[in-house]
Amino acid sequence: MSQTWVMCRVWSSTRTSLLWEFRERFGDINGAKTARRSRKKVWEIRIPNSYESIEAVDVNSLWLNEETDEVFLGCGDSRILGINLEGGQIMKTYSEHKDYIHCLSGLENRLYSASEDGSVKFWDLRQKKSTGSVEPYKNHELFRPQMGKWLGTVS
């Protein structure tokens with residue numbers, strides 16, 4: 001009998017954001033395919049609404065800083081939240097974007113964010129403000145009037 005384990009993590013955001021770990025075991029017993037699933041909650045964090053909205057905050061992107069055990073959330077209310085995985089507390093808030101955060105990417109103490117506002121911001125995680133930004137839509141050769149100024153990814 002051969003078996004294969006598949007594991008994935010799913011982020012769900014409503015008023016409470018959950019990180020779930022799913023494990024699924026696939027097997028082959030005498031030619032018949034079998035599957036067994038298990039699910040457990042890894043941790044839970046409550047994301048406070050921004051002062052401008054009563055709606056739940058959506059999380060569009062995650063980046064894990066393995067060196068500090070922090071996860072950074074790119075949110076639909078234009079904030080980036082840094083959460084300590086050990087206790088689940090929000091340790092950092094970055095709020096210089098003017099629209100949704102679509103993507104986060106990082107390396108060591110640096111974080112990069114792409115937003116609906118058309119900018120990519122550079123962050124030094126030891127500081128509270130961005131250290132730089134790029135706004136491609138301001139360059140007439142890069143502007144996409146048929147698509148808008150938003151940026152969907154950064155790496």
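**A cation over a ring, and an all-strand chain**

Arg144 lies over the face of Trp150, at 5.5 Å from the ring centre. A charge sits over a ring if NZ of Lys or CZ of Arg is within 6 Å of the ring centre and within 35 degrees of the ring normal. The model is predicted, so local features need pLDDT of at least 70, side-chain atom pairs count only at pLDDT 80 or more, and totals for chains, interfaces and linings use all residues. Residues are numbered from 1 along each chain as its sequence is written, and side-chain values use heavy atoms, with hydrogens and water left out.

The protein chain has 11 strands and 0 helices. Helices (H or I, at least four residues) and strands (E, at least two) are DSSP runs, numbered from the N terminus. The order of elements from the N terminus is β-β-β-β-β-β-β-β-β-β-β. Of the 155 residues in the protein chain, 35% are buried. Buried means under 20% relative accessible area, exposed over 50%, and partly exposed in between (1.4 Å probe, protein chains only). The accessible surface of the protein chain is about 10000 Å². Carbon and sulfur atoms hold 49% of that surface. Accessible areas come from the Shrake-Rupley method with a 1.4 Å probe; for residues, only the protein chains shown count as cover. Among contacts with a separation of 6 or more in the protein chain, 36% link residues 24 or more positions apart. Contact means heavy atoms within 4.5 Å.

Strand 6 (residues 80-84) and strand 7 run antiparallel and are joined by 4 bridges. Two strands pair if DSSP finds at least two bridges between them. Gly82 stands opposite Lys92 of strand 7. The two strands form a hairpin with 5 residues between them. Gly88, in the turn, has a positive phi of about 80 degrees.

Strand 10 has pairings with strand 9 and strand 11. With strand 9 (residues 110-115), the pairing is antiparallel and spans 5 bridges. Here Ser113 has Lys121 in strand 10 as its bridge partner. The hairpin of strand 9 and strand 10 has 4 residues between the strands, and Gly118 takes a positive phi near 90 degrees. With strand 11 (residues 130-134), strand 10 pairs in the antiparallel sense over 4 bridges. Val120 stands opposite Val134 in strand 11. This hairpin, of strand 10 and strand 11, has 5 residues between its strands. Strand 10 is mostly covered, with 4 of its 5 residues buried.

The structure holds 3 aromatic pairs. One of them joins Tyr94 and Trp123: their ring centres are 4.9 Å apart and their planes at 50 degrees, so the pair is tilted. Rings of Phe, Tyr and Trp (its six-membered ring) pair if their centres lie within 6.5 Å; planes under 30 degrees apart count as stacked, over 60 as edge-to-face and the rest as tilted. Tyr94 lies in strand 7 (residues 90-94) and Trp123 in strand 10 (residues 120-124), so the pair ties together parts that are 29 residues apart in sequence. Tyr94 is buried, at a relative accessible area of 2%. Trp123 is likewise buried, at 2% relative accessibility.

The structure holds 0 disulfides. A disulfide is a pair of cysteine sulfur atoms within 2.5 Å. Cys75 is buried, with a relative accessible area of 0%. Cys103 is also buried, with a relative accessible area of 13%.
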